[in-house]
Amino acid sequence: MLIAREVTREYRSGDHQIAVLKGVSFEIPQGGFVAIVGPSGSGKTTLLGLLAGLDTPTHGKVILDGHDLTAMNENQRAKLRGEKVGFVFQSFQLIPTLTARENVQVPLELQGVEGAAARADELLQRVGLGERGHHFPMQLSGGEQQRVAIARAFANAPRILFADEPTGNLDANTGVRVFDLLESLNREQGSTIVLVTHDGVLAQRAARTIRLADGAVVSDTEAAA
Amino acid sequence: MTGSAPEFQQRASLRQLAGLTWRESRSARRRLLLYMSAISLGVAALVAIDSFAANVTRSIREQSRALLGGDISFTSRRPFSPEQQALLDSVKQQYNAEFSRIVTFPSMALIQRSGGTRLVQVRAVSPNYPLYGIITTEPADRLVALQTGPNVLVDPSLLVSLSARVGDTLSLGLARFVIAGVLKDVPGSPGVAEIIGPRVMIPERYLPETQLLVFGSTAEYDMLARIPSGADPQKIVISLRPQLERTQLRAVSATRSEENTTEAIQELSEFIGIVGLVALLLGGVGVASGVRAFVSRKIDTVAILRCLGASSGQVLAMYVAQAAAMGLIGAVAGAALGVLVQFGLPSVFGDFLPVDVKVTLEPRAIITGILVGGWIALIFSLRPLLALRNVSPLQTLRRDADSEILRMRWNDIPRVLVNVALVASVVAITVFRSSEVQQGLWISAATLGVLGILTLSAMFLSWVARRTLRQRWPYVVRQGVANLYRPANQTQSVILSLGFGAFLITTLYLVQSNLLNRFEISAAGSDANLVFFDIQDDQLPGVDSLVRSRGRVLQTAPVVTMRIAAINDRRSEDIITEERLRRAADSLVRARGGAAADSVEKAADARRRGGAGQPSGRPSWALRREYRSTYRDTVTSGEKVVEGKWFGASALNSNSDTGEVSLDSDVAGELNVKIGDIITWNVQGVEIPTRLTSLREVTWARFEPNFFAVFSPSSMRNAPKQHVILASVEGNPVVSALQRDIVLRYPNVSSVDLSLIRETIERIVTKVSTAVRFMALFSLAMGIPVLFSAVAATRRDRIREGVLLKTLGASRGQIMRILLAEYALLGLLGSLTGMVLAIGGGWALTHFVFEAEFTPALVPAFLIAGAMLALTIAIGLLAGRDVFRETPMSALREA
């Protein structure tokens, strides 16, 4: 369960405040698949950052799996992210100095989980990169890098997965395949997915679409089953 | 359950974190190690000098008795008097001591076959010499043969300079000897002494035959004692103190002489060590800017790690561990280099040292070097590393500029703590390395002050650049100047490392050149090249006319030996005793562990070495020493009356009971006497009172006979005396012939060819300046990685921007000119600030520490500044070259 209550985010620019998000509220039940869409500058990425606890709202509350993110400090949120949250980014965000397997291991190791390497291999197998574990990110194609990132996102069996334009840097075909993978892993693990995109086709695959414009929710629609 | 923090379960184990740290460091290790190498040279310097000093100290300790020649050495400037002999006999009885005798004096040696002459140091030794240590000869075991007849053993240099060989006949005075062999290794003889006067060792029993030791001859009579029982020689010396003083006999124990020698070595190594330490701090500055570069490369990784649940503490721990490990490796590499250097040092300094230095590994020096270096690397890295705590996971979604992300509040508590720890470490390490706390504090204050001034001048440069930039300037210049103040500029890090490097090198150079200036012989105005001394009264006319037949006599001076008997009616013994009591009382008050007697000794020693002592109280050395004085009616060109008046007509003509005396102003200071005081001199048994009427400043470096005390002629005319003649004789063959003729006719008259001494001094000066230049060069070598690190800190920004400009159509020339403008300005300000600070630092060191006059050597200083400027520009343009190596895509994608 992810709850946003009257979430506002303001930035100071010079001597006046600019509100990027203006009182956004919604609830996403466990296991849901929600797309947040909107034009460039509508506040999508800012909202994602707030929902995932990467940033704190100026006003309002974000409650993730029962924990009020706004009442926690950064280190507490980091801990919570490590336990319950997975990320997939547009630019993959793999650590360049680690191999594919080591990248997948990171969240497990940060949690102090034993047998991280074996679990990482298992996940790489699952995303079809069982043979590529010893390669560094720069030795992998964009699609492969994103699959490593997906394996990493599911390493700690997250309660909720945030994906920021996950296919934005990939060609159309690769994008579709990567997204299929994301969806199937989600079904297996029963996680909640929050997808930020401006790709209309991708958004249509979500069960629910929240549309933002100018920092506010303009529509919140359930897809017809 | 909303609103509460989650219950934390077990987090990453240390092992897991360490594994992650190790893997994550993969690509950074080399780079980080490069930054850390900035400290390696500093550590190398510390380890080398500390190890070497420890080697020397240990060697001296092991060889101290051999160095002195006995457990105790009793010395007199005259043949032992009956009272002195009685005292020695009592020592012999009481401690069951064994004595060995040596008489040392200068004389001319003549090789009969070749006709060559040379001033030598004669050592007449008793059969049981040496009591300790081994003298090796060539052919072997000639020491035994020495005593079997009229034989001599000589230093190899004598054979070379007089084209003699073993078996030749050598004349000393009226006696003839056979050269039985060559002295290969004699304990306690630094090579330099040998160059000034080669040693000639003769059996004691042939000494009278030479007839060289006449009344007033310069000679030293040593009685070396071996104390077989376990008694501490130093305690014996202390217990004998009153009798020694009464009989005017000097005594030194092996322990004491060891301490004196060791202290000199310690002082030298302390100076070099401080240079090494400052170099290490410069390395620290380099590490800081290198790590800053490292940190900005790690922003993305840190943001990802934070996203994935790493706490800021974990992230910081990871990178601190990486930096510490690399710092430690840098320090260990430096220590290894230092050990290599240590093995080379004896060949550089061997000539200056009284012992054969046994080079062994000194674990203490090595460990200290590694710890100090590692700590400096760590504490200087911590400052930039702390910024990584601020990296928000949000950076994975939306990347800000590096400088924005890494900005820290000035009052950020960990940052303040690190700053305090940094300053405290610098002060603690400096104080720990200095012999005196105050000195350490001064050095650290100066170092921090220099860093502060450089930071300010960097800020000033940014400010001026912002203020003066004009739109009408050519684009490339505008861009270059704007680089000095725009966000993420490198003005501060470059000015700091460059300026500090320039400061260090220039200070070293200036101090060196000013110190060596003192030794430079003011040959101008004096063309003297030959000195004859020990000329007896009746020999003077003969020697004088012989010299005049070959060249010019520049100066003739009578020499009278004397001691101070009383000052203003207070006997000098009383003054000494009183002084001793006062000091003993002082040290008893401060005594730690009841070492009062020792403290008295040490205080006296410190004074003897000319340490900055308290002006009040008369040091016993100046009171006890033997003065070789002269009398004359004029002031020579090498001296200047600074207080009082030179002898007036009355002093020159009258025959009043109280004559007049003029003292060297330093000695007067040590004696604590002032114009008008009455000093009574003991001139070989006769007491002569004189009034102090003037103080002179004497240029001792000139090759002229100079004197602490000069008397009005009337007061000393009848005293027993010898004479010195300073002459100018042209042409080497003429000089040698004259020396030979004088020796043949007046065997007791010695002569010195000043050109030989000049050469010797020049050789020593060259050696010393080579050593100092080596250190300066070493600091320069150290400056290069530091400067590289400073530039590396913003290299990525530079390249990214250059590539962008290139993409937008900038030519290679334009980009190079932008970089040239920026680095030329940085280099100019950095090196000039460093130079100005160095002139201040050089003055302070020369003035306060070495107490010498300071003249800034501006030309070399500017040359050094120019070299630093060129180096900066070269490094800057190297970064520019990388701009053209990168493809636009790779650089832009990285951004």
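What follows is a chat about a predicted model.

Trainee: What makes I111(B) count as buried?

Mentor: A residue is buried if 20 or more other C-beta atoms lie within 10 Å of its own. I111(B) has 23 C-beta neighbours inside 10 Å, so it counts as buried. You'll find I111(B) in strand β2 (residues 98–111) of chain B.

Trainee: Which residues is I111(B) in contact with, leaving aside neighbours within four places in sequence?

Mentor: G116(B), L162(B), A164(B), D168(B) and L170(B). For a contrast, take G313(B): it is 202 residues from I111(B) along the chain, and their C-alpha atoms are separated by 83 Å.

Trainee: How do you know that the length of α28(B) agrees with what a helix should span?

Mentor: Helix α28 of chain B runs over residues 812–849, which is 38 residues. At 1.5 Å a residue that should span 56 Å, and the end C-alpha atoms are 52 Å apart, so the two agree. Just after α28(B), E851(B) takes a positive phi of about 50°.

Trainee: And what does α14(B) reach from its first C-alpha to its last?

Mentor: Helix α14 (residues 413–433) of chain B reaches 30 Å with its 21 residues, close to the 30 Å expected at 1.5 Å a residue.

Trainee: Which residues of α14(B) are buried, and why are they said to be on the same side?

Mentor: V426(B), I429(B) and T430(B) are buried. They cover an arc of only 100° around the axis, and therefore sit on the same side of α14(B). The other side of α14(B) has exposed residues, among them I413(B), V416(B), L417(B) and F432(B).

Trainee: Over to chain A. Why does its radius of gyration agree with a compact globule?

Mentor: Because the rule and the value match: with 225 residues, a compact globule would have a radius of gyration near 17 Å, and chain A has 17 Å. Along its principal axes, the C-alpha trace of chain A spans about 50 × 35 × 35 Å. Chain A has seven helices and ten strands, and 52% of its residues count as buried.

Trainee: What makes a set of residues a nonpolar core?

Mentor: The residues must be buried, of the nonpolar types on the list, and joined through C-beta atoms within 7 Å. The largest such core here has 195 residues, and those with the most contacts inside it include L51(A), F162(A) and V194(A). Its largest share, 19 residues, comes from helix α2 (residues 28–68) of chain B. A second, separate core of 67 residues includes I179(B), V200(B), F533(B) and V735(B).

Trainee: What does F162(A) touch?

Mentor: Beyond four places in sequence, its partners include L48(A), L51(A), F87(A) and V194(A).

Trainee: Last one: how many residues of chain A are in contact with chain B?

Mentor: 34 residues of chain A, facing 33 residues of chain B. On the chain A side, α2(A) gives the most, with nine residues. By class, that side has 14 nonpolar, eleven polar and nine charged residues.

Note on methods:
Residues numbered from 1 in each chain as written. Chains lettered and ligands numbered in written order. Predicted model: local features only at pLDDT ≥ 70, side-chain atom pairs only at ≥ 80, totals over all residues. Contact = placed C-beta atoms within 7 Å. Helix = DSSP H or I, 4+ residues; strand = E, 2+ residues; numbered from the N terminus. Nonpolar A, V, L, I, M, F, W, Y, C, P; charged D, E, K, R; others polar. Rg over C-alpha atoms; globule rule 2.2 N^0.38 Å. Buried ≥ 20, exposed ≤ 12 C-beta atoms within 10 Å, placed from the backbone. Expected span 1.5 Å × (residues − 1). Arc of directions from axis to C-beta.
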